[in-house]
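I opened the notebook to look up cavities, a helix and some backbone angles. Here is what I checked.

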Amino acid sequence: MAIVMEDVISIIVPIYRVEKYLEQCIQSIRNQTYINLEIILVDDGSDDECPRICERHAAIDKRIKVIHKENGGIDSAKKAGIMAATGKYVGYLDGDDWIEPLMYEKLLGYACKYDVDVVESGIIDSWINEEKKRVPYLAEGCFKGEDFTQNVEPKLLYAGTFYQFGVSPYLCTKLFLREKILQFQMIEDLTSVIHNDTMISLPCIAKAKSIYISHDCYYHYRVRTDSLKRKRRADETTNLIKCYPQFYMRFRESSLCQETDKQIKYYAMYWLLYRAIEAFDDHDTQDFLTPFGKVKKQDRIVLYGAGSAGIRLENYIRSVEGNNMVCWMDRNYVDLCRTLDVKNPKDITNYEYDYVVISILRESAVQSAKRDLVALGVPEEKILWIAQKFIDNPDLLLEKVMH
């Protein structure tokens with residue numbers, strides 16, 4: 001089926017304090033080869049130059065709508081955007097990221113050719129001097145009906161290797177039929193506050209039972225050490241406990257709610273490991289970092305990995321009284337050391353340590369990190385990651401929190 005050129009794609013851009021990056025973001029949308037777009041810029045009460053940048057582009061491109069609203073957070077901005085959208089399809093873009101010119105022409109082409117409600121593509125992690133592509137886990141192709149039920153649904157949140165989703169939770173790498181995503185975008189509850197993308201995109205896909213997966217990568221995710229996505233919140237654990245029953249409500253029409261399916265449990269464990277690892281520790285003992293095997297506070301620790309999970313873990317370790325963190329290392333130290341106290345892993349021989357704790361969650365990346373560390377002379381028995389018993393059974397960690 002050929003692309004129907006009358007189909008409008010509404011692209012929703014929530015915007016808050018991203019004046020350094022917004023010009024590139026908006027221009028990348030305006031430069032799309034598919035031109036029948038409705039570009040909805042949602043100024044979420046930004047107090048920098050963002051509102052004026054939006055208005056300047058709207059004055060020269062009639063496809064642009066600008067919404068100015070009081071600050072209410074990214075989810076409220078997306079809600080305002082989708083309610084203003086008139087397109088048959090909806091896409092999302094964060095105000096500090098940008099996209100390749102062919103993105104929406106290609107995604108719409110797949111939607112029309114295969115008659116699917118959602119199209120998934122890959123992502124490009126973009127540092128200042130380096131880019132790395134991440135393609136979807138599942139095979140490229142169309143999954144509908146029974147094929148979806150057998151090959152996609154059982155792997156949506158847990159694909160069989162740790163911290164690996166079958167379909168990525170990102171809204172921004174996808175194209176949605178508006179009538180299908182609207183229901184989940186507009187739900188008002190706690191999940192929309194702290195589990196924004198996952199609890200909108202994946203329940204929508206589970207219900208639609210219709211997706212085309214492309215391994216092409218069009219979306220540039222700007223890796224920022226100062227991003228709000230990397231900030232710790234004191235209420236993460238409390239909010240997850242409140243939200244947990246809602247996860248099952250979102251997926252109630254799928255196999256994820258069956259007693260034998262542990263996908264939602266894996267997701268809850270992922271979230272706490274990523275955002276609130278302190279929830280698993282007994283703070284009245286000398287043990288901490290329970291998921292890694294109860295490290296002693298006095299143990300000399302080298303932390304390896306300074307992605308978003310690493311930033312949070314470093315912040316937690318430093319906050320623990322009596323900790324003995326020696327240093328923090330990352331293979332991308334050249335870019336990261338501009339804003340973080342990150343060292344070159346090749347210098348690890350200059351330090352005395354008891355353990356190297358890998359602060360990476362995706363299992364495939366962990367295996368690569370372990371190989372790098374062993375090559376640098378680190379004994380395998382000193383390399384710690386999530387203990388195998390917790391990987392095999394998420395209930396062991398969750399029972400420490402869900403009581």
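I started with the second largest cavity and asked which helices supply at least two residues each to its lining. They are α10 (263-275) and α11 (308-319). I then looked up which helix gives the most, and found α11, with 4 residues. The model is a predicted one, and I keep that in mind for every entry.

I noted the volume of this second largest cavity: about 40 Å³. Its lining has 11 residues, and I listed those closest to the centre: Tyr-274, Arg-275, Ile-277, Arg-312 and Leu-313. I sorted the lining of the second largest cavity by class too. It holds 7 nonpolar residues, 4 charged ones and no polar ones.

Next I asked how many cavities of 30 Å³ or more a search of the whole structure finds. The search gives 2.

I moved to the largest cavity, with about 90 Å³ of space. I wrote down its lining: Leu-273, Ile-277, Phe-292, Ala-309, Leu-313, Ile-358, Ser-359, Ile-360, Leu-361, Trp-385 and Ile-386. By class, I count 10 nonpolar residues, 1 polar residue and no charged residues here.

New page: helix α8, residues 198-208. Is this helix mostly covered or mostly open? I found it mostly covered, with 10 of its 11 residues buried. The buried ones are Thr-198, Met-199, Ile-200, Ser-201, Leu-202, Pro-203, Cys-204, Ile-205, Ala-206 and Ala-208.

I then checked what comes just after α8. Lys-209 sits there, with a positive phi of about 50°. Lys-209 is not a glycine, yet it takes this angle. I placed Lys-209 in the loop between α8 and β10 (210-222). Lys-209 has a relative accessible area of 25%, so I logged it as partly exposed.

I looked up another positive phi, at Tyr-163. The angle is about 55°, and Tyr-163 is not a glycine either. Where is Tyr-163 placed? I found Tyr-163 in the loop between α5 (145-151) and β9 (174-177). Is Tyr-163 buried or exposed? Its relative accessible area is 16%. Buried means under 20%, so I logged Tyr-163 as buried.

Methods:
Residues are numbered from 1 along each chain as its sequence is written. This is a predicted model: local features need pLDDT of at least 70, side-chain atom pairs count only at pLDDT 80 or more; totals for chains, interfaces and linings use all residues. Side-chain values use heavy atoms; hydrogens and water are left out. Buried means under 20% relative accessible area, exposed over 50%, partly exposed in between (1.4 Å probe, protein chains only). On a 1 Å grid over the protein atoms alone, a cavity is a set of points where a 1.4 Å probe fits but cannot get out, and a pocket is an open set with protein on both sides within 12 Å along at least five of seven lines; lining residues have an atom within 4 Å of a point. Grid points are joined across faces, edges and corners, and a volume is the space filled by probe spheres set on the points. Ala, Val, Leu, Ile, Met, Phe, Trp, Tyr, Cys and Pro count as nonpolar, Asp, Glu, Lys and Arg as charged, and the others, Gly among them, as polar.
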